[in-house]
Every structure is written in structure tokens, then in C-alpha cells.
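Subject: Structure handover and findings

Hello,

Please find the structure below, followed by what was found in it. The notes go from the overall picture of one chain to single residues.

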There are 4 protein chains.
Amino acid sequence: MIAIAVIGYGYWGPNLARCVSQVADCHLAMIADGSADARGRAERHHNTVVVGDWREAVRSPHVSAVMIATPAHTHFEIALAALQAGKHVLVEKPMTSNSTQALILIEEAAKRKLTLMVDHTFVYTGAVQKIREMIDQGKLGDLFYYDSTRVNLGLFQRDVNVLWDLAVHDLAILDFLLDCEPIAVSANGTGHFGRLENLAHLNLYFSGGMTAHLNVNWLAPVKIRQTLIGGSRHMVVYDDLQPSEKIKVYDKGVDVVDSPEELYQLLVSYRMGDMWSPQISSKEALLTEIEHFAACIRDGATPITSGFSGLRVVEMLEKASLSLQQRGHPIEFNQLRRAS
Amino acid sequence: MIAIAVIGYGYWGPNLARCVSQVADCHLAMIADGSADARGRAERHHNTVVVGDWREAVRSPHVSAVMIATPAHTHFEIALAALQAGKHVLVEKPMTSNSTQALILIEEAAKRKLTLMVDHTFVYTGAVQKIREMIDQGKLGDLFYYDSTRVNLGLFQRDVNVLWDLAVHDLAILDFLLDCEPIAVSANGTGHFGRLENLAHLNLYFSGGMTAHLNVNWLAPVKIRQTLIGGSRHMVVYDDLQPSEKIKVYDKGVDVVDSPEELYQLLVSYRMGDMWSPQISSKEALLTEIEHFAACIRDGATPITSGFSGLRVVEMLEKASLSLQQRGHPIEFNQLRRAS
Amino acid sequence: MIAIAVIGYGYWGPNLARCVSQVADCHLAMIADGSADARGRAERHHNTVVVGDWREAVRSPHVSAVMIATPAHTHFEIALAALQAGKHVLVEKPMTSNSTQALILIEEAAKRKLTLMVDHTFVYTGAVQKIREMIDQGKLGDLFYYDSTRVNLGLFQRDVNVLWDLAVHDLAILDFLLDCEPIAVSANGTGHFGRLENLAHLNLYFSGGMTAHLNVNWLAPVKIRQTLIGGSRHMVVYDDLQPSEKIKVYDKGVDVVDSPEELYQLLVSYRMGDMWSPQISSKEALLTEIEHFAACIRDGATPITSGFSGLRVVEMLEKASLSLQQRGHPIEFNQLRRAS
Amino acid sequence: MIAIAVIGYGYWGPNLARCVSQVADCHLAMIADGSADARGRAERHHNTVVVGDWREAVRSPHVSAVMIATPAHTHFEIALAALQAGKHVLVEKPMTSNSTQALILIEEAAKRKLTLMVDHTFVYTGAVQKIREMIDQGKLGDLFYYDSTRVNLGLFQRDVNVLWDLAVHDLAILDFLLDCEPIAVSANGTGHFGRLENLAHLNLYFSGGMTAHLNVNWLAPVKIRQTLIGGSRHMVVYDDLQPSEKIKVYDKGVDVVDSPEELYQLLVSYRMGDMWSPQISSKEALLTEIEHFAACIRDGATPITSGFSGLRVVEMLEKASLSLQQRGHPIEFNQLRRAS
């Protein structure tokens, strides 16, 4: 039985606490939040110890793992203290405010042989798992592009812009889906109400020619969560808001023959075939994720969304922020660090 | 009665010919196309003279106006010849291959007091007209952004890339909707099957802070024609594929108060009101447009989509192409020329 | 503080228990369920007394109201015992298995001045409340029809057919929306897997000429919850599955002029106006309902979904069942009983 | 080359004329319409003889087949005259006003060895053809039900009610899809603006246990053309308004085991599998149909939608009308006549 403390009981913490209660191997040992209001809600919904200072959770001998759902700029301090106190750590996305911090956490966890995992929840959805499976099986063929629209009204964040709040989801999904590395990024954005961008577009260039485009916006009148993935064999539409049929796979594409005789002659033949929507697991992603966290702690295995995946996503966000400050000037990557 | 020759009877020409037949003031005097197959189709559907060489239409004393629906790179030569022969001209989008050509046509038409109009069809739809009306009435408030997704499978063009084929529609709409000028453009794109980009993203920066983002793609598994327009008072979703309710107006938004005490404190209150879908004219846009063409010829009035609007759109495409070659490096505009 | 016992912790009981915990005036005093498995779940999620026999809840001096979420055929026995023990009662739909039982409960509650309320949850949704408001304001004009499709795959019930399981929702909504009485009912249905119908259609005829049509089906491949309401001034589409825009109001209709000269000449002019989707409360209906239950207990007021509304709905189901056994032969109503 | 006269150039006639022009084997020899306005439109769009009296078409030695798109109550007189004059006949749906008339036409055509075909257009759509193919291949298993919603605003007809105008489409589809015979029908309906019903519901009972339910309405605020087909192996959703993916096939269903020990115990297990949307032909149905008409004339073959299919559909409409007058009282069928 793994004794878990949830640190931060604002927007996401309640989901962590609820799911921990539902996982067989886990025990919700403590909830920590600085707000009296949040503690009141926590006490009403859970039969556990509720404290005001996260240091109590880190210090407690009755806690063996912590889940950190506090504002992004506090992740590093809390996670580092927890690792130093010998606790396993699951930390919200974005993992840290910069890649240096992420690397320090990775090293601290490695040194102490502790599990360090990042809460890239979408990676654990039935939909994203199914897309990965299709890519692995070669169903999509060569990947051409990933094009995501992730917009809605609110919630405006106070300490991060829309890239760090929404684009982070797609970057985590891309990090999971693709084996290739990003080689450059270009981003544009606008803040209509202050210094933080509430609308941004991001282009990622991958080795091998694939590109990704992310459209994120806190100021849209409707909620859209739609991703198109173009491959040479099949193309996918992934709509996370569909109650069923979240994934549709299209047997569509083009075959192109360059005619040698005529310079400008491009002969394109279109393939218009069936559409297929695979049944996907409807299990709550967070539950799957916390079971995976528990299994990694138990077996000493590396999580799918390890510290390295958190680091890679933070590096992409850092470079994108740099580009955004230069109105879309493309920024190149050094090779991203992967776990040895 | 205006005697009209339609030059080019490929994809769009048949629509021009059909609509000309339906407009009271117009008479379909001739169809010209170099392809025997196209001429066969034209003869079957219309009771008019069908010829192989467009020069016959330009030369004919029985023709007073021509409509040019040939490949983009031929527009300039044909339009110039027609103007020089004293014919009024309606030319397909994009007006010409570059802005120098567009300027020459504008000057030629002005010199001869001929009507020169560009076929920016979307400008004449009930939907775009209604959006313009709402902007003029101040219903949307300050405009924050225009965000368009215009993707589908095919038709791959042979002589222009996806920007010149699809983004041109949004640029024409923007030119019509906005009174402000673009100050810079940034574009990215990829050609998966040769030298012409089949997927591109374009960011436009306008004086006054508004931005536009266009996502165009010939290689998407589904057809999407959706535009979000964010304003301070109302926001609009314009979905051209909806058979009815093409425009939805949302009484949604945010009010932001910067709290003076706390530096990072951003207080956002969300306004979640009704949605309203105005009834719009369902008249075919091309019919409205051709009636307007006829009225301009008759009255000597300047068309809504005059040569200058065609020129401005071509200039935006030129700058976007330049940026695209530099992987999104932003290109600034000199002031675009407006009719004096 | 009203001490409430939830009886039955299967599909719906957990929702009642959760909402009771969230209502200020209420206290979840007890949960009763005969199944050990259900009790285990109840204990994990709530900090309250959990018992196996519902009689303990009825008997307990620490309980002042019970909520009954057991199978339909047990409602009468439990509700009657609870009323006789002096407890207020909220009972699941359908209230009882027949109208005689419903009348007995009404009389028992009246005699003892106890609150008797039926859990017609949909009546408390923002959507249905808004429709009622529009009807009261005359926005819809004369009502022509109510046409509902309520289909999905499962859950096949064991003790009631699809009318008593799904049509009951629409009958409760109609009972709330309309002031007029049903005068006849006709129903058809089929049971593909045994004696209980899993697919049925029901037509209701109201005084004043309005009709209602309900299409209910447990064996449909997709979930549909769509209702069209036709009125002389406006028409409504109510789609309960839409995350937002659940209600759309159409300014559409026809005006008919019978031409006197020609017998068969029917001159219809169509009115095609705007569509409008009012913002509706997104508060959970069950929460609104339980607050109303608490208020009625406190103030001695008659609930919106009183025992009489439960009785009227059961009478409609009884007559519909009778018609269904006669392959749609219409059954007439005596006047339904309303509270004096 | 078959010389064809189109009789009636109102709503549907123009489509017939346009398609005849596009079929290789056919020649549009004449158009007849009593209205000067209609003749004006016909003359503008077609290069053919246009006359005012349908008798000219029937009499003309230059016409070998007629297509009748006049009001329903005139079909019989015109079709009979045409057959007696030795012309092949394609007649709009409903074929005639009653089954006696339909039988007379069938006999007349048989006697003279002429092709008599009914314009049940939907039968020739790629969607309906694909559903038939799936039924034939056993993909759907045993058929449980066919449930269609066919509603919109207008067009109110003057000489037939909504059953004869809209339900006729589904009856024609059912006649094509199913090999079993209807054994009884029940119908309800209301006329809000006069003697003709503008809203109706129809239940059909087939030998073998399958049922069909049709919901037709001229007074609905939105257009819906959706059909659910439930089978034991797969279920189908057919939405005619979808530009693509008109047909979705669901690998969903239930398996039921009656438990012997417990009387009321119904054990249902749900099968929730993939969804699949087959590519269907996008060829215009009317074109396919007219090619088939031409082929039947040429080869002397029996049309898919022969006079007998027209007769069966008219008989279903007759019985449904009878039931409707008796508020849904079920009417039984004698065996419908099939071609020997």
C-alpha cells in the first residue's frame, strides 16, 4: 500500500485525491493546501489528514509519495524537497519553469532511485494510446503533420501563458507519439489583457520532415479540442469532445506522379475510402495514470511520462517562448535529452 | 444588355456561365476554352458561341465584358488584352501572379474607364455581408483576432500553392471586413509532394493590434471551413459548411481587472451570455456578384472587390510567400495602395 | 439541518448521496442497501452510517427524511412505511407501479402533513425551466406538438419496460410544461428479448389540440436526447446532449391563408427568421431539486413535482401500457387528478 | 437514343430534364407544362421543344418515353394516356392516388410490353444501395427495426398530406430493402392548418417481427433526415444530410441470457465495438435512375422500382390513411401483390 499525499487542492488536486482513493494499491494519506477554503472542501470530501503547509507532507514519515498540483512556478521547490526527503513524486504539467530545474529533479530522483513522473494526463487516454498503437503498427504510414486546435473561453492563468497551459498538452502527446526529435520551433502569440499571451500558434519541425501546428486560445467563444494527423496511408481526426467516436481513421490520401514530359504537370490521384472509428477504452485516464505510477514505484520501472519526457516538453516550451518574443523567428533545438 | 464572354470552362467557368444566364441584364455571348472536352461540355449546356481561342472573345465586337476563369498565371495576359480591347473584366482570384501585374491592370482600366473587378466570391455571401454589417454597427466591439481553418482533401493545384489557392479566400474576406491595414505577415508551409506547399499557416498583424491566423491544407481527411472572430463585445463562429446557421454570435467575453496590490494578480470575470444566429440571405453569392458587376458597368461605379482589393490581396500573398521561404520570418508591409 | 437517509445505492443512489452532502441544510445521516458490494462502495465514499435493511432508515429517530432509489416495484412499500413512520419522502420515478398506490401515498402524506416529492429530475434542469419560462411568457405562441427521441444502447431494466424507464422522463416534463390535460394516448412497442418492450412509440392527445410523440428505445446504436417543440410563434429544439446550447429557439413558422375562391388552394407563407440560444443555468439539476425538497420540508410548501405530478405520470404510463397491449388502440383519460 | 418528354416543370421536373441531358442514351425531346412561367424557365435552360399541353408529348411521334412530374392526382390520367399511346413511362412518387389506378397502369404496361417505372429516387442513392448490400450479405443479422425521422419546415403540399409526400420515401426504401411483407400498419397525424395532416407517425409491422416507425413533419424548425436500423449483428445510422459519412455501421448490440433460476432475472451483456463508415458512391441518384430507365427500355428488363413497387407503396399509404382516420387503429394487409 503506497501512502500518498496530494499537495494543492485547487482545480486539479481534487481529481488526484478522488482517483488515489479508487486505486487498490494506494492510500490517500494526506492533503495539503495553503487555503482554508480548499482545506474545508478537502475535509468534506475525504476521510484523511488535511494540512496547511506542504512541508508537512514532505516531512511526514507516513507518506511515501507526493502528487504536486500547485501553481507551476512552485513545482520545482516542492518536488525537490520531496525527492530529498525520499518521496516518490508525480508532478503536474508543466514539470518546472525551465529545463535546468527539470534536469536537477531528474538527477535527484536518479541518485535516490525514486520514481519521478510527470502528469501528462492525455498520454494515458484510450484515444492517444490507440493512436500510438496505430502508428506503431504502421497503419498511418509516414507521418506528414499533426495539427491541433485547443481553444475555449478561459481559464486565464496568472503565472503562465496559454502555451504553457494548453500547448503543453499537445507537446506531451507528440513526445509520446513520435520517435523523432523536434529540430526547430516557431511561435506567435498575443496577450489581449496584459503581459501573458492568451492566444498563440506554434509550429514544430521534426527530423524526417513531419511538422506540427498548435492553435491555442483562451478567448474563443466555443470549446474545440480537435487534432488532425496526416499520414501517407491513413489520416486521423481526434476530437476529444466527442462522447463516443473520439478517433476517426480515414482511408484517404493522394498519390502523386510527376509527369516527366511536362514541367508543371502534377498528376494527383485521390484515394477516398472508408472511415473507421475504433472502440477505445473509456477508463478515466487519470486512474490509468495513477495505477501506472503505483506500478513504477513498486517495480522500479521507468514511467511512460518520466522526468525526461517532462524535460523535453519544458525545453519545447522554452524555445517556443523565445520564438514568440521574436514574432515567430524559428529557434533550433540541440538534441533533446532522452533517458539513457 | 451586357454581352459577356466566359474565358475558361474548367472548374469555375461553368458556374460563371450558369449565373450569367440567370442575371437579367446579362447575356452569355461566348465561351472560350482551349480544351475540346471543355468545349463539348459547354456546348451541351449552353445555347451560345463556343470557341477555342480566348483571343476571339477579346476581339469580338459582340462582347462587351469578359470573365476570366483560366489558370492563375494566365490572368494577366488575358485581362490586359481584354482591357486594351475595351472590354470590362471580371477576373478570378488570385487576380495576378504578382502586384506589378495587378497595378498595370488597374492603370489600364482606369485609363480606359473600364470596370475591373476581382472574383472574391466569399465577399458576396450573405454570411460575410452580415459579419461586415455587425462590425460596422459595433456589435463585435474591438476586434481581437480572426482565426480560420480551411482544409480538405484536394484539389492540388499545379501552378499555385495552397496559400494562393485557399488562403486567398480569407485574405479577400479580411480585406473586405477590416478598415485597418496589415503591417506584417509570417507564414510557414510544407510541400509533401513536390515544390508547391500543400499545407500552410499564415499570421497577419494589423495596425491596432488585431491578428489573423489562417490554417490551410489540401491534405486533410475532412473538410473544415470554420472561422472564429474574437471581439471585445461579441465573438463570432462562421462555419461555411453549415446548411443553415452559418453564423453564430456569442455574447461571451472576459473582463479583466488588474489588482494593484498584487503584482501577478489577474482578476478575470467571464461573461457567458446567449448565442444568436442571424438569418442570412441564402442567395447564391456568385449571382449577387455578377449583378454587382453588371451594375458597376452600367453606372460606372467602383466594385466592392475592385482591382485595388485584388492588388492588396496579391501583395499579402507575395509577402506571405517571402516569409514562407524564410521559415516564418516576419515580413513588414509598406502601406498597401487603396484607391484614391 | 434535515437528516436524510438514502435507500438504495445502485445506479442513482450515489448521485443522491453526493448531492445531499453538498446541500447546506441537509445532512447525510444514513445509507441503506441490501447488497454488500453496494455498502462497500458507500462506505468508501461517505462518512456516514451504512446499513443493509431499509427498515432501519425508516425506523431511526435520527432520520427525518428518506430518498428512495430502489427498483420501481419496491417504491410503494418503502415509501408507505416511511410516511407512516413520519418521514418526508423523495421517491424515484416512476413513483409507484400503479395509480392506486400513488393515491394511497398522497393521502398518507397529506394526513400526516409530510412532504411527498417525486424525483422527476429533468424538471429541475436549466433547460426545462427555461422552456417553461418561454411558454409562460407566450414566446412559443400556441403549442402544436412536442416530439421527443430518447434512445441509446442499454440499460435494459429487469422490472419495467422502456416506457416506464425512458418515456417517464418526457411525461414528467410534459406534466410540468403544460397546463392542459391529456385526453387520449396510443402506444406501440416491441420486446426483442423477452416480455419487456425495449422499443416503443407513444402518442398523447391533449385538450386544445396539441399532441406529443415519444420515441424511446434501449437498442439504438447512438445516444439521442432530442426534443422538437412546435409553436405558432417560435419553435424549439432541445438537445440534452449538447454541452452548451442545449436549447435553440427558432423564429420560424408558417402563415396559412385559405383562399376562398379555390377549394383546394392552400396559400402558405414561410417565416424564416433568426435562431437564438438562451444561456441557461448549468447548475446540476439534482442539486436544485434537493434544495427544493429541503425548502418544502422547512416551509411546508408543495413541491413542484409533488405526489400528484407523480400520480399523473403513472396514470399516463398505465394507459399507455394498456394501449400498447392493444397494438396502439387509443385509450381515453378521465380527468387526471390535480391537487385541490 | 431514347427521345424523352418531361411533363411538369415545377419543383422536380427541372432535375429530370437536367439529368436526361446528361445521360448518353437519352435525348430531351420535349418539355410540357401548363404554366407560362414554367415554360419560360424551361426555354431559358434547355435547347428543346417546350409546350403547354401534356397531350402533345403523349401524341408526338418523336417521343418514345415520358417522365411525369405533375401533381400526384394527375399521374394516373397522364400515365395511362402515355401508355395507351405506346410510350414508356417514368412516374413521380406517389405513383397514383390509389391502388386500383396503379394496377390498371401495371396491366396496361404489361399488355403493351412497355417499361413502367416509379421515381423512388432514394432507392438509387449510394447509401440505400449500400444498406441493401449489407443486408444481403448478412452483415446486419436479423433486422429488428427501421426508425426514420424525416422532418423540416415546408413545403406544404396542396393535394396530398405529409404521409403521401414524405413517408412515401421511407416506404419505397423499405420496399426495396426488405424481402418480408408488411402485415399491419398504424398511423397518427395532425393537420394544424386545414384538412391535410402536416405531421404524422406511422408504424409498420412486418412478417418476421420487424417493425418500422416513420416520423414525418412539415412543421419542424430544423431539417432532419435520419434513420436508425437495428439488427442483431450490426446497427446502422443513415443520415442523408451528412455531406460525407452518410452511413455509419456500429458493431454494437446486446446478448441476452434468461436466467432459469430467477424469474425476473434478465442478463444482458452489451457489445460495444468499432464503428465503420463505408465509402459510398456519390453519383447523383437521379442520374443512376434514369440510366436504369434507359437500360430497361432497351433490354426489356423489369425496373428495380417497377410498377409493382409503386403499387405496394401506394397500398401502404392507403392503409396508413385509413388508420390515421381512426386515430391509429391498426389496419391489416392482405398480401401485397408482387410481380409474378
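Helices and strands here are DSSP runs, numbered from the N terminus, a helix needing at least four residues and a strand at least two. In those terms, C:P94 sits in the loop of chain C between β5 (88-92) and α5 (99-111). Please keep in mind that this is a predicted model.

Cis peptide bonds

The peptide bond that joins C:K93 to C:P94 is cis, with omega at about -15°. Chain A has a cis bond between A:K93 and A:P94, where omega is about -15°. A:P94 is placed in the loop that runs between β5 (88-92) and α5 (99-111) of chain A. As background, most peptide bonds are trans, and most residues other than glycine have a negative phi.

Positive phi values

In chain D, the non-glycine residue D:K113 has a positive phi, near 55°. Its place is the loop between α5 (99-112) and β6 (116-119) of chain D. D:K113 is exposed, because its relative accessible area is 74% and the cut-off for exposed is over 50%. D:R327, which is not glycine either, has phi near 50°. D:R327 belongs to the loop between α9 (307-325) and β15 (331-332) of chain D. With a relative accessibility of 32%, D:R327 is partly exposed.

Overall picture of chain A

Chain A contains nine helices and 15 strands. The C-alpha trace spans about 80 × 45 × 45 Å along the principal axes of the chain. Of the 340 residues in chain A, 63% are buried. If one takes the contacts in chain A between residues at least 6 apart in sequence, 66% of them join residues at least 24 apart. The accessible surface of chain A is about 13300 Å², and carbon and sulfur atoms account for 50% of that surface. As for charge, chain A carries 31 positive and 38 negative side chains, with 6 Å between the centres of the two sets.

Cysteines

How many disulfides are there over all chains? The count is zero. Two cysteines show why. For B:C26, the closest cysteine sulfur is that of B:C19, and at 10 Å it is too far for a bond, since a disulfide needs the sulfur atoms within 2.5 Å. B:C26 is buried, with 7% relative accessible area. For C:C296, the closest cysteine sulfur belongs to C:C26, and the 12 Å between the two sulfurs is too far for a bond. C:C296 is buried as well, at 1% relative accessibility.

Chain D: a helix and a lysine

Helix α6 of chain D covers residues 126-136, and its buried residues include D:G126, D:A127, D:V128, D:K130, D:I131, D:M134 and D:I135. In an α-helix there are 3.6 residues a turn, so residues three or four places apart point the same way.

Is D:K248 buried or exposed? D:K248 is buried, because its relative accessible area is 17% and the cut-off for buried is under 20%. D:K248 is part of strand β13 (residues 247-258) of chain D. Apart from neighbours within four places in sequence, D:K248 has contacts with A:E245 and A:K248 in chain A, and with D:M235, D:V236, D:V237, D:M275, D:W276 and D:S277 in chain D.

Chain B: two residues and their surroundings

B:T96 is located in the loop between β5 (88-92) and α5 (99-112) of chain B. Its relative accessibility is 0%, so B:T96 counts as buried. Beyond four places in sequence, B:T96 is in contact with B:F76, B:Q101, B:A102, B:L105, B:W164 and B:V314. B:V313 is 217 residues from B:T96 along the chain, and 9.9 Å separates their C-alpha atoms.

B:H292 is a residue of helix α8 (residues 285-299) of chain B. Not counting residues up to four places away in sequence, B:H292 touches B:M117, B:Y124, B:T302, B:P303 and B:I304. Between B:H292 and B:T305 there are 9.9 Å, C-alpha to C-alpha, and the two are 13 residues apart in sequence.

Regards

Notes
Residues numbered from 1 in each chain as written. Chains lettered and ligands numbered in written order. Predicted model: local features only at pLDDT ≥ 70, side-chain atom pairs only at ≥ 80, totals over all residues. Heavy atoms only, no water. Buried < 20%, exposed > 50% of the residue type's maximum accessible area, 1.4 Å probe, protein only. Contact = heavy atoms within 4.5 Å. Areas by Shrake-Rupley, 256 points an atom, 1.4 Å probe, with all protein chains shown as cover. Lys, Arg positive; Asp, Glu negative; His and termini not counted. Charge placed at Lys NZ, Arg CZ, Asp CG, Glu CD.
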